[in-house]
Amino acid sequence: MTHGVLVTESNTPSPKAAVKAHSARLTVVPERQCNAQPQVYFSVIRVPKSFRSVEVETVFSALRQDWAKPLELFAILTIQPVDVWGATCVDCTQSTDEASAFKDTSGESFLAFVDVFKRSLCPHLSEDDMVGVERLASDIWLNASDPATGLPLLTEFGERSFTTYDEGSGMEMLAAFGKSLINTPLGPCHVCTHPRFGTNFYPATLFVACRDAAVVLQACEAL
């Protein structure tokens, strides 16, 4: 008994339950299918300050620059399930030609999603203005991790820190995805698991910093 409260197994949440509850509090837009790209499911998560400083700003150094006003950081978590693509025979955890082809196609689809989200976020910008630009406006920043390398997608080569973003750990921490240990030709490897699609999906993350959640919510309405 601690301060008059009896602590038992039944009223003490498990670590997994605590992570799920924390993720639920951070969720701005629950996972849903993108109308513009039906193969993509996405959710919007408010990024905690600790995760931002340790896991995100070390990769995307432009986030550390001085802004006129403090910006909130949001992660747009995307997944592309194998069965939505109609590739039900593909096992994403294996190094096969089919799995490689699925990942290549999904990677291109994610890049298209980034462009769609940028246009939705800043519809007043021209196509030329949005190519390779992180700072879309005085109070809007956007970038993504390259699904193939974990490096910043829109950062100029000479400005990269060459620190990579861990997609699996990000999904686990921000969306309470599970983790599985699998054997690969290169040795044991951890992969994230989705509560509905298991390990058979392609994960990728887009980050947006802006003044508040209303900016991101408005952009999501067009998706």
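Author: A salt bridge is a side-chain nitrogen of Lys or Arg within 4 Å of a carboxyl oxygen of Asp or Glu. The structure above is a predicted model, in which local features need pLDDT of at least 70 and side-chain atom pairs count only at pLDDT 80 or more, while totals for chains, interfaces and linings use all residues. Residues are numbered from 1 along each chain as its sequence is written, and side-chain values use heavy atoms, with hydrogens and water left out.

Reader: Is E167 buried or exposed, and which side chain of opposite charge is nearest?

Author: Buried means under 20% relative accessible area, exposed over 50%, and partly exposed in between, with a 1.4 Å probe and protein chains only. Lys and Arg count as positive and Asp and Glu as negative, whereas His and the chain ends are not counted. E167 is buried yet has no salt bridge, and K179, the nearest side chain of opposite charge, is 12 Å away.

Reader: Which side chain makes a polar contact with the side chain of E167?

Author: A polar contact is a pair of N or O atoms within 3.5 Å; within protein, one must be able to donate a hydrogen and the other to accept it, and residues adjacent in sequence count only if both atoms are side-chain atoms. Here the partner is the side chain of S145, at 3.0 Å, and S145 is itself buried, with a relative accessible area of 0%.

Reader: What else is S145 in contact with, leaving aside its neighbours within four places in sequence?

Author: Contact means heavy atoms within 4.5 Å. Those neighbours aside, S145 touches F60, F110, G150, L151, Y165, E167 and T205.
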